[in-house]
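User: I'm new to reading protein structures. Could you take one part of this one and walk me through it slowly?

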Amino acid sequence: VWTYTECFYAIVNLPDQRFTCDPQSRQTRAMRNLLPQSFGLLLLIAAARFSYANLTASDTLRAVLHRIESQSDRYNKDLAELVRFPSVSALPQHEGDVLAAAGWLAERLRAAGLQNVEILATEGPQPVVYGEWLGATDPHAPTVLVYGHYDVQPVDPLDAWESPPFEVSIRGGYYYGRGVDDDKGGLLQAVQAVEAWLQETGAVPINVKFLLEGQEEVMSPHLTTFLERHAGRLAADVALSADGGQPAAERGGISLGLRGVVSLQVDVVTAGTDMHSGMKGGSSANANHVLAVLLAGMRDSRTQAVAVEGFYDDVAAITDQDRRDIEMYGFNPEKEAAELGLLGYVGEEGYGILEQRWLRPTLEVVGMAGGFTGEGIKTVIPRSAMAKISCRLVPRQTPQDILMKVARHIETHCPVYARCNVTALGGGAFPFSNPRNSPGNAAAAVVHATLSDKPPLYLRDGATIPALAAFQQVLNVDTTKFGWGLSERIHAPNERLRVDMYDKGRRAWAMLLEELPRHFAAAAETEAMEARGAMEATESPHGDGYWHGALGTEAAEMGRDIPDRDGALHEEL
């Protein structure tokens with residue numbers, strides 16, 4: 001029994017470790033001490049419930065999937081109608097469009113069979129759309145908080161679009177339009193899957209709550225206070241994010257984390273008026289020059305590292321497990337460069353491209369203005385210049401700390417003949433980390449493996465979804481990302497979503513709704529076994545703490561024989 005149990009533990013819970021199943025090995029003997037031997041068989045039975053091979057669609061699920069397949073025209077209409085709202089949260093002139101999109105979504109949730117649907121105010125002009133269905137017949141069924149956002153990015157430059165951005169166009173197997181992927185198409189898939197379950201059976205296998213926000217694209221500045229105000233109503237066992245994407249159409253991915261973000265604006269003033277570049281040039285301070293020097297000084301020109309003092313102080317070291325995940329991901333830089341028309345890669349020295357994107361912080365200049373920028377030439381020395389900066393953060397960094405460090409750097413390096421002012425843009429967002437083997441991730445992995453016929457990749461994401469860290473901090477729930485776009489041209493002209501991925505996402509959500517209860521039941525069973533194991537350990541004839549002592553001794557011996565003993569395997573033990 002112990003041989004099989006240990007092998008299964010190694011395969012399922014440490015899938016990327018080089019782990020022997022020899023019952024006489026030090027590794028196996030150390031694992032044996034994780035629980036008393038009387039629980040070996042129970043552990044094997046519980047662990048087997050996580051096996052990819054055990055997912056077989058029930059007759060009910062087959063009926064739900066068939067219903068989904070029969071309603072594709074209606075789902076296309078959903079997407080066209082929601083995209084038609086120019087719900088750009090960053091621009092005040094679109095506040096009415098944001099409210100109109102929220103109203104449409106509330107009606108769509110009601111039509112899907114959700115109950116207690118409301119449009120709930122935030123402290124900003126963009127409300128939250130809420131709906132719930134809490135009628136699961138199993139008293140132990142988990143409650144899931146489904147997250148998505150209905151606001152979108154501005155469409156500039158408009159002349160780069162090949163079709164109107166707020167009208168869905170279908171070309172070459174893609175939907176085109178602002179928000180088709182990020183995130184109107186994503187949230188609709190979740191709504192449509194819940195609706196199909198209610199249409200077919202009158203019930204959903206779990207309790208479901210929807211939180212659809214309208215300010216994600218401006219960094220959710222009022223979401224945290226909203227969550228605090230409605231924490232009781234939003235209580236859940238896990239959150240599922242319809243925002244996000246997959247690494248490839250044929251291979252699913254489980255996200256283990258997102259970077260946080262803090263943004264700011266730098267304004268430089270050198271005079272009370274613009275000046276003639278001939279009459280005053282050469283002796284008067286130029287705001288553009290001052291700004292250019294400030295920005296250039298924030299990066300080491302040789303190593304490309306951020307030169308702001310203390311910027312990397314709290315950054316965690318990259319682990320061996322991180323590097324294995326990157327290796328398994330199979331990133332192809334040449335392919336990406338060709339697709340993007342990228343002229344070359346540049347980044348922090350000593351780190352690979354995915355290490356730079358997933359696990360290292362950044363400081364990027366995302367906008368600049370100063371002087372005359374119209375057609376032709378105007379020979380003036382500008383009195384002012386401006387830049388917008390966005391910093392992506394990794395675990396252990398905080399928005400406020402990085403904002404203060406960048407502001408201090410600018411203040412220190414601002415010359416005496418200029419005034420330099422820093423203004424925070426939005427509230428910022430904390431980095432998000434997701435437990436690798438949470439019940440939500442385990443259930444999602446089964447769905448991915450079933451749809452793709454291969455296990456999912458484990459990855460991190462360079463982007464930011466502020467809500468996910470806020471859910472951990474305020475609601476104490478982890479989030480499994482379950483978006484189904486490929487992040488093609490999002491935030492850019494000609495945003496698009498593959499037609500087959502819109503369909504695949506609906507089916508995946510329907511499958512996940514049935515799969516989740518199994519994994520929460522298995523997790524509860526494992527917790528109960530661990531509690532019983534702890535009781536047996538204290539009652540052991542070897543004395544209190546025997547199991548802990550045995551594990552500590554043999555794990556320590558084992559660790560001395562493993563290269564990089566401070567890596568993920570050692571930490572897991």
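Analyst: Happy to! Two strands pair if DSSP finds at least two bridges between them; strands (E, at least two residues) are DSSP runs, numbered from the N terminus. This is a predicted model, in which local features need pLDDT of at least 70 and side-chain atom pairs count only at pLDDT 80 or more, while totals for chains, interfaces and linings use all residues. Residues are numbered from 1 along each chain as its sequence is written, and side-chain values use heavy atoms, leaving out hydrogens and water.

Let's look at strand E8, which covers residues 253–258. Strand E8 is largely enclosed by the rest of the structure, because 6 of its 6 residues are buried (under 20% relative accessible area; exposed is over 50%, partly exposed in between, with a 1.4 Å probe and protein chains only).

What does E8 pair with? One partner is strand E16, residues 457–461, joined to E8 in the parallel sense over 4 bridges. Here Ser255 sits opposite Leu459 of E16. Strand E15, residues 432–433, runs antiparallel to E8, and 2 bridges link them. On that side, Leu258 has Phe432 of E15 as its bridge partner.

While you have the model open, find its 1 disulfide (a pair of cysteine sulfur atoms within 2.5 Å). Cys414 and Cys420 form it, with their sulfur atoms 2.1 Å apart. The torsion about their S-S bond is about 80°, so this disulfide is right-handed. Cys414 is buried, at 17% relative accessible area, whereas Cys420 counts as partly exposed at 22%.
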